[in-house]
Amino acid sequence: MKILMASSEMSSLARTGGLGDILETLPAALRDSKADVSVVLPLYRSIRENPRIRLRDTGVEFRVQIGGKSVDAGVFETVAPNGTQVFLIRRDEYFDRSGIYGVDGRDYADNAERFIFFSKAFVELSRRMEPAPDILHVHDWQTALVPALVREWGVPFKTVLTIHNLAYQGNFHSYDFGFTNLPGSYFSAWGLEFFGNLNLLKGGILFADAVTTVSEPYFREIQTPEAGCGLHNVVRENAGKFHGILDGADYSVWNPATDNYLPEKFSSDSLAGKRICRNRLLERVELDPEPSGPVFGMVTRLAEQKGFDILLPVLDRMLADDVRLIILGAGDPGYETELRLHLMKHRGRFAYVHEHDEELSHWIEAGSDIALIPSRFEPSGLTAIYSLKYGTLPIARAVGGLSQIIRDFDPVTDTGWGFLFYNYSAAAFWDAIKRARFQYVDQTVWQELMQRAMSQDFSWKSAAAEYTKLYRKLAPEKPKPAALEPKAKVDEEEAAVVTA
């Protein structure tokens, strides 16, 4: 079965967050399930200027109609580090820019036009491929127009849309609908129109043959007004085509026993290396090594989604104790300012690093005792999966994929491998922190929890099997024609009898 994926990100080529991580690992996992998977991305400036990426011009060019103009699209090819074949759509007018979606915290004004062009070019490319794909699998709003185009153009492919985060929908002005060149009937309550605007993700939900979310709990949550981001009724009405499939982790990258970023490797059977990682981490971010309390870590975007509204009110109380806290991430300027203020107040106990550092992110996962994940909503929860593998116990809100990944520790039954809270409030978060601090005192129990956490398996194997099952349901493999049986010889007398 041949799968052609479209995405705006893929970690080894272009990344801003978790979407890129998934597109880096899912195709490789599907190949292990005997699927033939290729990925299509825009050819961003950062990809063209990266000397480590070897691009080949395929020589394929075609015209794409965008509103009232016709523009050229070129096709380049490369191979990702994991062996995935990647096609890249070149149109410098749209993608020869310093950022993927925008710069200085502001989106590009023509993002609707840019990604409508990319969606059209993706479908045009799929029509020219030999052998033809069986499934077009698109990801998030940037490619969510594809199912509507497939429906209108009568292209004979099944479509799957994966929603990684419903909060980002591709909402644009109504006049941007003209770039789609779709009939006016598509700009309606039964199409891409949403309260007078163009909503690309809504169109994807309506016209895709199947829709997946990155965890089963998140699918249930986005059917409610609280988490549905305005589209809860659309999700409910189309619930029959939804499938919740939990993202997996790439343990070839995120595994303390093989992680080359770490100053010392370790495993659940030999945890001495984790103590070395902890000490080296504190030394690297210039925090006091003396306090006996736990080291808290966060590797995250600074966004409301990640729970900073309930984290900031408890920081002073937390850092008044014998603990250290390390936060790596950038985002909302207001949150960045707040963290810098706390940095001045709590030197020696609190470290905040703004610039992304891949090596440091691995050090934080390995050297922390506790991961803080107080998310307001969390579709998947990859950070929690990474933390568990490194024996860093999560304190997390039981929401979305986090509630599927983490089991709350119960000292009575001695079950669980993390600390969950349910209400989105600073008080509930603080109670979970106190529970974890209490258990941390007993290092015998804590080590058992670490080993239990590290034994959890959230690899891509299960998720890849679910996707493969969905693909085969949408596009069953055609049976091979049966071999013809050789005709039996008959003598003349028998033949005469037959023909008589």
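Reader: What counts as a salt bridge here?
Author: A salt bridge is a side-chain nitrogen of Lys or Arg lying within 4 Å of a carboxyl oxygen of Asp or Glu. The structure is a predicted model, in which local features need pLDDT of at least 70 and side-chain atom pairs count only at pLDDT 80 or more, while totals for chains, interfaces and linings use all residues. Residues are numbered from 1 along each chain as its sequence is written, and side-chain values use heavy atoms, with hydrogens and water left out.

Reader: How many salt bridges does the structure hold?
Author: There are 25 salt bridges in the structure. One of them joins the side chains of K2 and D36, with N to O at 3.6 Å. K2 belongs to strand β1 (residues 2–6) and D36 to strand β2 (residues 36–42), so this pair ties together parts that are 34 residues apart in sequence. Helices and strands are DSSP runs numbered from the N terminus (helices: H or I, at least four residues; strands: E, at least two).

Reader: Is K2 buried or exposed?
Author: K2 is buried, its relative accessible area being 10%.

Reader: Which residues do salt bridges that share partners join into one network?
Author: K69, R91, E93 and E113 are joined in this way. E93 counts as partly exposed, with 37% relative accessibility.

Reader: Changing topic: where does I100 lie?
Author: I100 is in the loop between α3 (92–95) and β6 (102–103). At 10% relative accessibility, I100 counts as buried.

Reader: What is I100 in contact with, leaving aside its neighbours within four places in sequence?
Author: I100 is in contact with S8, A14, R15, T16, Y44, Y108, R114 and F115, where contact means heavy atoms within 4.5 Å. I100 and P42 are 58 residues apart in sequence, and their C-alpha atoms are 9.3 Å apart in space.

Reader: Now the helices: how many of the 18 residues of α4 are buried?
Author: In α4, 16 of the 18 residues are buried, so this helix is largely enclosed by the rest of the structure. Helix α4 (residues 111–128) should span 26 Å at 1.5 Å a residue, and its end C-alpha atoms are 26 Å apart, which agrees. The expected span of a helix is 1.5 Å times one less than its number of residues.

Reader: At what angle do the axes of α4 and helix α5 cross?
Author: The axes of α4 and helix α5 (residues 146–153) cross at roughly 50° and come within 9 Å. That makes α4 oblique to α5. Axes are lines fitted to C-alpha atoms, for helices over the stretch in contact, with angles running from 0 to 180 degrees between N-to-C directions. Angles under 35 degrees count as roughly parallel, over 145 as roughly antiparallel, 65 to 115 as roughly perpendicular and the rest as oblique.

Reader: Which residues in α4 and α5 meet?
Author: S119, K120, F122, V123, E124 and R127 in α4 meet V146, L149, V150 and W153 in α5.

Reader: And at what angle do α16 and α17 pack?
Author: Helix α16 (residues 426–440) and helix α17 (residues 443–454) pack at about 110°, with their axes 7 Å apart. That makes α16 roughly perpendicular to α17. A436, Q439 and Y440 of α16 make the contact with Q443, V445 and W446 of α17.

Reader: Last topic, the backbone: which residues does a cis peptide bond join?
Author: A cis peptide bond, with omega about 0°, joins E130 and P131. P131 is placed in the loop between α4 and β8 (135–139).

Reader: What is the phi of D140?
Author: Phi of D140 is near 65°, a positive value in a residue other than glycine. D140 lies in the loop between β8 and α5, and D140 is buried, with a relative accessible area of 9%. E286 also has a positive phi, of about 60°, although it is not a glycine. E286 is in the loop between α9 and β15 (295–299) and counts as exposed at 68% relative accessibility.

Definitions and conventions. Buried < 20%, exposed > 50% of the residue type's maximum accessible area, 1.4 Å probe, protein only.
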